[in-house]
Amino acid sequence: MRVTKLVNSLVNCLVLLLLVAVPLSATAQDYRLQLDVTDDALNILSHANISIGELKIVADSNGRATIRLSKGQYQIAITAVGHHNSNLNLRLYNDTIIKIILHLRQSMLGNVTVTASQRLHRAQMSSQVLGIAQIRKLPVILGETDPMKTITLLPGIKSGGEASAGIYVRGGGPDQNLVLLDGIPVYNPNHLLGFFSVFNGEAIKNVEVIKGGMPAEYGGRLSSVIAVESRDGNKDSLKITGGLGLIASRIAVEAPIVKGKSSIMISGRRTYIDQIGKLVARERIGDNGYYFYDFNGKIDYILNKKNSLDFTFYTGQDRFSYLDYDKEGTRSFRADWGNRLAGLTWKQQINKRLKQQLSLIYNKFDLNSRFGFSTNNVMFASGLHDYQLKNDWSYNANKWLRLKGGLQYTWHRFNPGAGGLAAGEQNFDSKINNQYAHEAAAYLSTDVDITDKLNVVAGLRYSYFSQVGPTQNIIYQDDGLPSGTNEVFGKGDRIVQYYYPEPRLNMLYKLSPTSGVKLSYTRTIQYLHLATTSAATFPSDLWIPSSRRIKPAQAQQVAGGYYVDLFGRKLEVSVEAYYKEMTNQIEFKPGAQLLLNQNLENEMIFGKGRAYGIELLVQKKYGRLTGWVGYTLSRAERKFSEMNDGQAFPYRYDRTHDLSLVASYKINKHWEGSAVFVYGTGNAITMPVGRYTYNMGFNRIDGHYIFTTVDQYSKINDYRMPAYHRMDIAFVYTHRPDKIKGLRSSWNFSIYNIYNRANPYFIYLDIERVEKQIKGKKVYLFPVLPSVTWNFKFG
Amino acid sequence: MNIVLHRLFVTSTRLNLLSAMLMMGLISSCEKDIVIDLKDNEPQLIVEAYINNLMPEYNYVILTKSMDYFSPDFQGVAVSNAQVTITEGESNGDGTYKWNSSSRIVLEETNNSGIPPEYRQGLYVDQRTVATLRTGPTGLIAKPGKYYLLEISSEGKNYSAVTTLPSIVTIDSLTTGHSYIDEAEGNIPKARVTVSYKDPDTIGNRQLFYWRQNKNRDGFGWGALSNNRRINGTDDLTNGQYLKLTQPYGFNYNELVTYYMISVSREVYTFWDSFNKARNNDGPFSTPVELIGNVKGPNVTGCFSGFSVSTKSVVVKP
């Protein structure tokens with residue numbers, strides 16, 4: 001009730017802001033200054049920081065910053081991650097457009113900062129941007145640069161551990177992150193059980209994470225936005241970059257199509273553990289194997305001063321096959337899964353203040369796995385197809401008011417887990433019906449400087465979802481048995497619809513030029529659910545739409561924070577506290593029947609979630625030593641009436657303490673070292689409290705008793721795994737750091753888990769019936785792991 | 001390493017990606033002993049109860065107690081001196097039942113000499129069941145379509161459970177074939193059994209499969225029969241079809257195999273499905289599985305399983 005009131009008052013507040021804002025306009029003696037920031041390949045540099053005297057602004061994602069200023073003399077400084085700063089003196093006496101080229105730092109690695117300095121000048125809170133230069137120099141497992149792994153070093157963002165695919169933001173589930181590649185949603189951002197993400201370090205420019213205060217232009221997920229931006233090709237000349245690693249290699253080729261106007265960038269990556277394995281142990285591995293590959297492509301074309309086109313393409317596939325013989329005959333396991341994404345965006349600057357962006361997006365995620373005994377085959381296939389149309393507008397009314405608005409529409413097709421069971425002489429098959437849905441949203445947001453010190457970004461998103469035919473639903477009784485009647489829906493017939501307002505609010509109050517407080521409130525709705533079950537032991541991502549029974553998931557989050565810059569902005573300190581509530585969270589009920597079940601929905605239960613915590617981030621962004629310390633104190637819970645006697649229980653990835661230390665040090669012109677230390681409270685798991693015997697029998701021939709030992713459980717997630725901690729180091733050697741043409745290369749030497757901590761992957765109790773012993777065991781995956789990667793750049 | 005693989009892979013009838021990758025040596029893992037301090041256990045009453053239409057000696061109730069995880073006892077703690085009865089009745093169709101009190105049968109802790117004394121404790125049977133516990137035919141027997149009420153009184157607490165026997169689904173034929181050479185057992189030729197039957201036209205039919213062969217022919221108890229529950233838990237998608245199922249298990253040539261096809265209610269199926277998941281519950285992808293039983297009462301786990309049994313035998317040929 002209180003929450004509804006809060007929402008209403010926020011909506012009222014937003015409407016009021018809109019009313020106040022619109023009639024006002026700039027005064028006549030102001031001139032318009034537009035800065036367009038690019039790198040030396042003439043590619044747009046987004047989010048550059050611009051200081052004009054005491055005023056701080058940030059360029060937008062198109063590298064553009066526009067401001068109205070009165071006539072006069074100005075000192076302008078432009079900074080961006082991995083680039084040299086640019087300073088200029090400007091006498092403004094007319095409307096002016098300036099093109100600014102920031103040169104890449106000579107070292108291939110560039111600067112080392114988290115470009116969170118943006119936060120100083122925006123009300124947007126709980127957001128961080130990491131540039132690829134920085135991501136690349138940090139130590140990673142087996143030397144594979146991975147932005148998704150690096151973001152888990154930031155406070156509030158957690159990985160599930162080694163070999164765990166999920167990212168958990170402020171107590172939310174892994175399906176609650178809107179992962180975007182150039183604005184295209186990626187449903188399964190992982191290769192190989194989450195060891196690697198689908199984002200090839202060669203193809204990306206930066207990654208932005210928004211873990212709270214989600215702006216109105218984003219929606220459809222409850223917890224976060226992880227926006228990965230891919231790199232534009234070089235518009236000036238042919239360049240080849242790449243790297244050779246221990247398990248995978250990658251290459252990117254970029255070239256101008258029309259010099260200065262258009263470029264193409266194509267990059268590819270493939271793992272070769274399967275090939276190495278065959279060389280080393282051909283007999284053992286045989287035809288079994290695993291590999292993944294991915295291709296990224298980007299074409300951009302500047303049509304004229306006002307119009308440009310971007311085309312992004314991604315395809316990636318994991319292939320796994322395994323064949324084994326045992327006493328019951330052959331068993332085999334095959335799995336293929338992958339994403340295909342394509343997006344075409346037209347950007348238009350209509351006039352000095354107004355611009356728009358129109359995107360057409362195609363997205364496909366497919367999973368096929370087949371698990372076979374000699375006479376039994378279980379097939380599991382799931383998939384999701386999207387066609388999306390997006391139109392976003394932005395209007396800079398004057399120096400204190402900016403407006404954004406847009407429309408988004410997505411058509412979804414779901415293949416919710418077609419299962420098949422083939423037995424010896426298969427004479428039956430089965431298929432589960434496809435499902436279809438429309439998802440749409442409209443949003444409007446205002447960014448207002450109410451006073452010099454108070455900035456408010458208030459937005460309202462209105463989202464709509466409708467599940468439609470053609471499909472045929474079996475009507476089930478409450479006890480889960482089919483009633484015998486079917487409900488048939490024709491193409492496009494509406495089965496159910498939902499719509500919700502989603503208010504978003506971010507406020508910044510500057511206490512001084514170097515400090516301020518922030519507040520945010522967001523309501524987010526998620527219409528798509530990822531149903532996972534640990535009982536399904538193959539990759540089993542199953543995306544399902546909201547339906548009559550499955551209601552959309554909802555979340556509300558409030559957050560407050562304080563930031564201060566110390567020692568002449570050398571040190572940035574921020575503290576944030578958040579509280580989040582989630583409803584309509586899904587779990588499969590204990591003992592759910594998943595395979596070949598048309599009535600999967602009846603196997604689900606619905607509950608609530610809650611998360612709260614405090615995050616501290618201290619960053620040093622300049623000097624030879626750079627890095628950050630992130631610490632989170634938090635709690636995440638779930639509550640289902642059918643589980644744990646209806647009592648709230650800790651979420652599996654509830655992590656009371658989470659600490660990351662990240663440091664890089666420039667030793668000399670050639671060498672740079674970095675180190676990462678992480679510590680986290682162990683995962684919350686359920687352990688047995690006792691055991692009993694069941695399914696008893698007696699063999700009269702040998703006199704043996706027959707029984708099965710079954711574990712007895714009490715509370716859910718009441719046991720803590722040992723704490724997770726680890727330290728990694730990396731050294732980068734750049735051969736000829738001053739060279740700017742021809743072949744340049746660097747070596748990345750890294751050691752993962754340097755003190756060989758045996759972090760538990762899982763723990764279990766082992767009963768040795770013969771020896772009558774019970775032992776606790778822990779299984780761990782990665783001991784100390786050194787790796788070396790050679791990176792090169794040509795052209 | 002080998003123990004981990006054994007744990008992850010070999011003992012499990014399930015297969016997962018990670019364990020396969022470990023087998024292939026694409027990734028590696030290690031294992032260490034650690035101390036795991038478990039929370040205290042509150043002992044539960046464990047009820048294992050059966051009623052079927054064919055074999056009176058297989059209608060029995062076993063009562064045990066759960067124990068501390070690190071208890072040195074491995075065979076379970078029997079619960080003696082309980083009062084156990086089974087009553088036949090009918091459903092009123094609204095979730096209530098009409099019990100026929102004259103059908104009530106008292107089950108008593110067995111003193112059957114065919115069973116070793118230590119096994120008799122906690123095993124409750126109809127005392128009319130003949131001494132060998134092998135050849136019927138007197139004693140408690142169930143009828144398909146009827147409902148059964150199990151009542152237990154032990155240590156001052158009362159427990160109850162209701163089960164039913166669905167209609168019998170008959171086995172049309174039992175054939176053998178799908179021969180192969182079992183390399184793991186010294187290159188012995190083996191064959192598999194295919195069971196053919198027609199799924200009833202009504203929806204909601206579920207079956208469990210048990211079989212008897214030479215090595216367990218003289219065994220006692222449902223736990224002594226080999227079983228296979230690798231079959232879908234609902235027939236929504238195969239309703240009314242003629243089905244042929246070949247179980248992967250290999251039998252020796254010329255062996256006499258007796259198949260039992262057991263039709264069960266959803267509750268009973270769910271219990272045995274949860275049991276199946278619990279006993280294979282190993283490895284990183286597993287979650288704790290509690291048995292989802294139908295016995296009601298304070299701090300109790302277990303199932304009163306109504307089994308509608310049909311059977312056929314076949315001599316295994318290549």
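The model is predicted; local features need pLDDT of at least 70, side-chain atom pairs count only at pLDDT 80 or more, and totals for chains, interfaces and linings use all residues. Residues are numbered from 1 along each chain as its sequence is written, and chains are lettered from A and ligands numbered from 1 in the order in which they are written.

Chain A contains five helices and 49 strands (DSSP runs, numbered from the N terminus: H or I of at least four residues for helices, E of at least two for strands). Of its 795 residues, 48% are buried (20 or more other C-beta atoms within 10 Å of the residue's own, with C-beta atoms placed from the backbone). Contacts are pairs of residues whose C-beta atoms, placed from the backbone, lie within 7 Å. Among contacts in chain A with a separation of 6 or more, 64% join residues 24 or more positions apart.

Nonpolar cores are sets of buried Ala, Val, Leu, Ile, Met, Phe, Trp, Tyr and Cys residues joined through C-beta atoms within 7 Å. The largest has 82 residues, and Leu180(A) and Ile226(A) touch the most other members. Leaving aside residues up to four places away in sequence, Ile226(A) touches residues including Ile151(A), Leu180(A) and Val209(A). A second, separate core has 71 residues, among them Tyr124(B) and Val195(B).

Chain B divides into domain 1 (3-167 + 267-313) and domain 2 (171-258); the bounds come from an automatic or database domain assignment. In chain B, 13 residues of domain 1 contact twelve residues of domain 2. Helix H4 (266-279) and strand S20 (300-315) of chain B each give two or more residues to the domain 1 side.

Conventions: Buried ≥ 20, exposed ≤ 12 C-beta atoms within 10 Å, placed from the backbone. Contact = placed C-beta atoms within 7 Å.
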